[in-house]
Amino acid sequence: MRTHRSLVSLSIGFLTLAVAMTLSAIVGVSGLSAGDAIREVFSHFPGGPASRLAELDASLLWRIRFPRVVLSALVGSALGLCGCAYQGAFRNPLVDPYLLGSAAGAGLGATLAIVYLKDRSWVINPLPVLAFAGALTAVAMSYLVGRAANRQGRRDSSVLVLSGVAVASFFTALQTFVQQRGSDNLRQVYSWILGGLVTSGWTEVVLIAPYLVVSALVIFSSARLLDVLSVGDDEARTLGVRPERIRFVVVLAASLGTAAAVAVSGLIGFVGLVVPHVVRMLFGTRHHVSLPASALFGGAFLVIADLGARTLSAPAELPLGVITAFIGAPFFAGLLIRGVRS
């Protein structure tokens, strides 16, 4: 029964993601027809039809649109997977991937890059590098503060959550200070904070893929241990499991994945909060099912959201974080009301 449910969830997830990526790849405002885009893709397979696209249009498809579709799928999958991992580690369905200050740390790093480094020539774009470093720094500080508090006899995960709130507030204050020092760049800073996927080819995909692979492997390998944590820390200890160590490893891996995603996309809310909720409603709470399903449906959700961001106000582009908030906020409010009433 468990194997059947896992296969069903994975099949539906793969199909949903494939349809979303295909739709996003062939729909746009560049004037390419869906039929010509499909023919261009299949023209690279043995025995496929000849492409009808001019060289410039084919280059647009492969160097701009496809990398963006792949990047949105990777970022959405990372946020969905890390959100599910966070919620499992803390046994709290209201937890999201930005819990331990990774969003605030990434925001500070990006603001520093925009204000102080944008007028210099760099081999590698410093913005995603500093955003990634800022996110990991904030998570490390949250753990250090939480560990210091736990030495006083507190063994519950709420201490770590509260330390994350404190560190996030500190980093947000620093970001505000830097913004005021570089007020000429406020528009660019807020544009990054609202989220978006502007690619320069496959560079961003190559940049974050290794971190996401490592994060996913660690989280997937911890699925059974997360099931054990769901019964409570004391019960898990009686089964020979060390909750603190499991939580540390899972949160560290999820924070790595979140930091990599945020570094190239900005702050995109609700994906890691809402998608795991939907997955658990549809396929149950077992992590060997909910983790991969959250990754697949998270990727599909963000691909469709990015398609809306590109096309709803064309030729202008809406911030991706605005699209996800429009979809996610009412849905989450409905889930919250339903949960309270039940």
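Predicted model: local features only at pLDDT ≥ 70, side-chain atom pairs only at ≥ 80, totals over all residues.
Visitor: Which residues of the largest nonpolar core touch the most other members?
Guide: Residues are numbered from 1 along each chain as its sequence is written, and side-chain values use heavy atoms, with hydrogens and water left out. A nonpolar core is a set of buried Ala, Val, Leu, Ile, Met, Phe, Trp, Tyr and Cys residues joined through side-chain atoms within 4.5 Å, where buried means under 20% relative accessible area, exposed over 50% and partly exposed in between, with a 1.4 Å probe and protein chains only. Of the 41 residues in this core, those touching the most other members are Leu71, Val75, Leu79, Trp192, Ile208, Ile268 and Leu320.

Visitor: Which helix gives the most to this core?
Guide: Helices here are DSSP runs of H or I with at least four residues, numbered from the N terminus. With seven residues, the one that gives the most to this core is helix 11.

Visitor: What is Val75 in contact with, leaving aside its neighbours within four places in sequence?
Guide: Val75 is one of the residues that touch the most other members of the largest core, and contact means heavy atoms within 4.5 Å. Leaving aside neighbours within four places in sequence, the partners of Val75 are Leu197, Ile208, Ala261, Val264, Ser265 and Leu302.

Visitor: Which residues of helix 7 meet helix 4?
Guide: The axes of helix 4 (residues 102–116) and helix 7 (residues 186–193), lines fitted to C-alpha atoms over the stretch in contact, come within 10 Å. On the helix 4 side the contact involves Ala106, Gly107, Ala110, Thr111 and Ile114, and these meet Gln188, Val189 and Trp192.

Visitor: Is Pro315 buried or exposed?
Guide: Pro315 is found in the loop between helix 13 (287–311) and helix 14 (320–341), and its C-alpha is 30 Å from that of Ala295, 20 residues away in sequence. Because its relative accessibility is 84%, Pro315 counts as exposed.

Visitor: Which residues does Ala329 touch, not counting those up to four places away in sequence?
Guide: Ala329 is found in helix 14, and it counts as partly exposed because its relative accessibility is 30%. Not counting residues up to four places away in sequence, Ala329 touches Phe270 and Thr324.

Visitor: Where in the chain is confidence lowest?
Guide: The mean pLDDT of the chain is 84, and 91% of its residues reach 70 or more. Confidence is highest in helix 13, at 93, whereas the lowest, at a mean of 71, is in helix 2.

Methods: Helix = DSSP H or I, 4+ residues; strand = E, 2+ residues; numbered from the N terminus. Axes fitted to C-alpha atoms, helices over the stretch in contact; angles between N-to-C directions. pLDDT = per-residue confidence, 0-100.
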